[in-house]
Amino acid sequence: MSEFGFGQMIEKLKKDPKSIVFTEGNDPRILEAASRLLAANFLRPILLGNKEEVEAVAEREGYNIRGAEIIDPENYEKMDEMVAEFCELRKKKGVTPEQARDILSHGNYFGTMLVKMGLADSLLGGATYSTADTVRPALQLLKTKPGNSIVSSCFILVRPSATGDPEVLAMSDCAINIKPNEDELVEIAAETANCAKIFGVDPRVAFLSYSTLGSGKGEDVDKMRNAAAKAKEKYPDLPIEGELQFDAAVSPRVAETKCPGSKVAGRANTFIFPDINAGNIGYKIAQRLGNFDAYGPILLGLNGSINDLSRGCNALEVYSMAIITAALA
Ligand SMILES: CC(C)(COP(=O)(O)OP(=O)(O)OC[C@H]1O[C@@H](n2cnc3c(N)ncnc32)[C@H](O)[C@@H]1OP(=O)(O)O)[C@@H](O)C(=O)NCCC(=O)NCCS
């Protein structure tokens with residue numbers, strides 16, 4: 001794992017260790033990451049699942065999880081309290097206590113309620129749950145932060161460089177909002193720029209399109225141009241450009257021809273995609289063909305620290321995402 005940004009996050013956690021719920025407590029990748037986190041002693045893992053089962057998998061795979069808290073949703077002492085709070089939170093939906101009990105037998109909802117009730121600081125799920133199944137409980141129960149209208153997400157992409165400092169980029173929204181509108185794109189850009197700063201990036205934001213400053217026509221071109229204009233007006237201190245094609249965003253030579261004089265074109269490091277198709281494909285191209293390590297999706301605008309893993313994740317990715325998730329709590 002590249003050390004960018006992690007040193008500071010680990011220092012922060014050492015001073016103020018946080019707890020983190022793993023919704024898939026008996027997954028070997030989670031257990032390997034939990035054993036490393038326990039040995040490092042700056043995070044308190046809470047593993048969800050049947051205690052005997054979790055311990056048996058850890059023993060079989062050779063991971064020492066002594067010191068981890070294991071909670072079984074099927075056998076939880078404060079379940080009545082949790083059911084009552086769940087029903088209150090979802091009362092507009094008319095959820096009955098029986099339905100709540102059934103929903104809370106699932107780790108994704110149960111773990112999210114632990115965070116909501118202040119019994120855990122953060123949560124990482126998705127080793128087996130889909131993104132939608134990990135994120136939906138958070139959207140329903142934690143909701144957006146005051147002042148935000150949506151939850152969105154970004155990926156932080158990191159590639160070692162020959163000069164020493166790794167190359168760090170931010171891309172969004174590659175995982176949550178399927179077709180964000182202009183105002184949502186403005187919010188996504190602001191949240192992504194703030195997240196990029198946490199990872200040591202001085203954000204220069206490009207609103208991406210298949211057109212550069214009017215070279216192409218179409219609804220999506222207008223959307224990105226208008227969103228960039230609104231973002232510039234709302235955040236005058238943030239370097240923003242758009243609409244830009246990807247080459248004009250990153251190549252100084254192309255930028256000189258297509259967008260001369262821009263502070264962002266040719267050196268953008270924070271990329272706002274028009275929709276989830278472009279974003280999801282885009283970050284995976286950087287990851288698979290550009291040799292960037294991808295950290296995320298990191299949820300933005302959520303009133304709590306919950307993140308989603310890729311189902312194809314390995315233990316190292318779980319370990320890194322756990323540090324990011326807890327440090328952002
Ligand atoms: C995020 C996602 C799961 C939400 O879908 P959903 O559960 O069908 O959403 P619903 O419209 O039923 O909304 C569920 C709740 O979440 C809220 N919500 C949905 N999207 C939201 C958003 N972007 N921000 C904040 N709240 C949101 C809704 O208001 C609703 O709240 P309520 O139940 O209190 O009324 C959906 O947008 C999605 O599937 N996105 C793509 C995920 C994906 O496949 N990513 C690619 C892999 S990384």
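1. Asn41 is found in the loop between α2 (28-40) and β2 (43-48). Helices here are DSSP runs of H or I with at least four residues, strands are runs of E with at least two, and both are numbered from the N terminus. Although Asn41 is not a glycine, its phi is positive, at about 70°. Most residues other than glycine have a negative phi, and most peptide bonds are trans.

2. A word on the basis of this note. The model is predicted: local features need pLDDT of at least 70 and side-chain atom pairs count only at pLDDT 80 or more, while totals for chains, interfaces and linings use all residues. Residues are numbered from 1 along each chain as its sequence is written, and side-chain values use heavy atoms, with hydrogens and water left out.

3. Two cis peptide bonds deserve a look. One joins Ser172 and Asp173, with omega about -15°; Asp173 is placed in the loop between β6 (167-172) and α8. Another joins Gly296 and Pro297, with omega about 0°, and Pro297 lies in strand β10 (residues 293-300).

4. The ligand has 16 residues around it, and Arg90, Arg136, Lys143, Val151 and Ala175 come nearest. A residue counts as near if one of its heavy atoms lies within 4 Å of the molecule. For polar contacts, the pair of N or O atoms must be within 3.5 Å. In the side chain of Arg136, an N or O atom is 2.3 Å from an oxygen atom of the ligand. Lys143 has a polar side-chain atom 2.6 Å from a ligand oxygen atom. With Ile176 the backbone is involved: one of its N or O atoms lies 3.0 Å from a nitrogen atom of the ligand.

5. Helix α6 (residues 107-116) packs on helix α7 (residues 131-141) at an angle of about 40°, with the axes 9 Å apart. That makes α6 oblique to α7. Angles under 35 degrees count as roughly parallel, over 145 as roughly antiparallel, 65 to 115 as roughly perpendicular and the rest as oblique. Axes are lines fitted to C-alpha atoms, for helices over the stretch in contact, and angles run from 0 to 180 degrees between N-to-C directions. The α6 and α7 crossing is right-handed; a crossing is right-handed if the near helix is turned clockwise from the far one by less than a right angle, and left-handed if anticlockwise.

6. On the α6 side, Asn108, Tyr109, Thr112, Met113 and Lys116 meet Asp133, Arg136, Pro137, Ala138, Gln140 and Leu141 of α7, contact meaning heavy atoms within 4.5 Å. This α6 with α7 contact has five nonpolar, three polar and three charged residues. Ala, Val, Leu, Ile, Met, Phe, Trp, Tyr, Cys and Pro count as nonpolar, Asp, Glu, Lys and Arg as charged, and the others, Gly among them, as polar.

7. For helix α1 (residues 6-15) and helix α13 (residues 315-327), the packing angle is about 60° and the axes are 10 Å apart. The two helices α1 and α13 are therefore oblique to each other, and their crossing is left-handed. Phe6, Met9, Ile10, Lys12 and Leu13 of α1 meet Ser320, Ile323, Ile324, Ala326 and Ala327 of α13. By class, the α1 with α13 contact has eight nonpolar, one polar and one charged residues.

8. Helix α8 (residues 182-198) and helix α9 (residues 219-234) pack at about 50°, with axes 8 Å apart. That makes α8 oblique to α9. The crossing of α8 past α9 is right-handed.

Definitions and conventions
A polar contact is a pair of N or O atoms within 3.5 Å; within protein, one must be able to donate a hydrogen and the other to accept it, and residues adjacent in sequence count only if both atoms are side-chain atoms.
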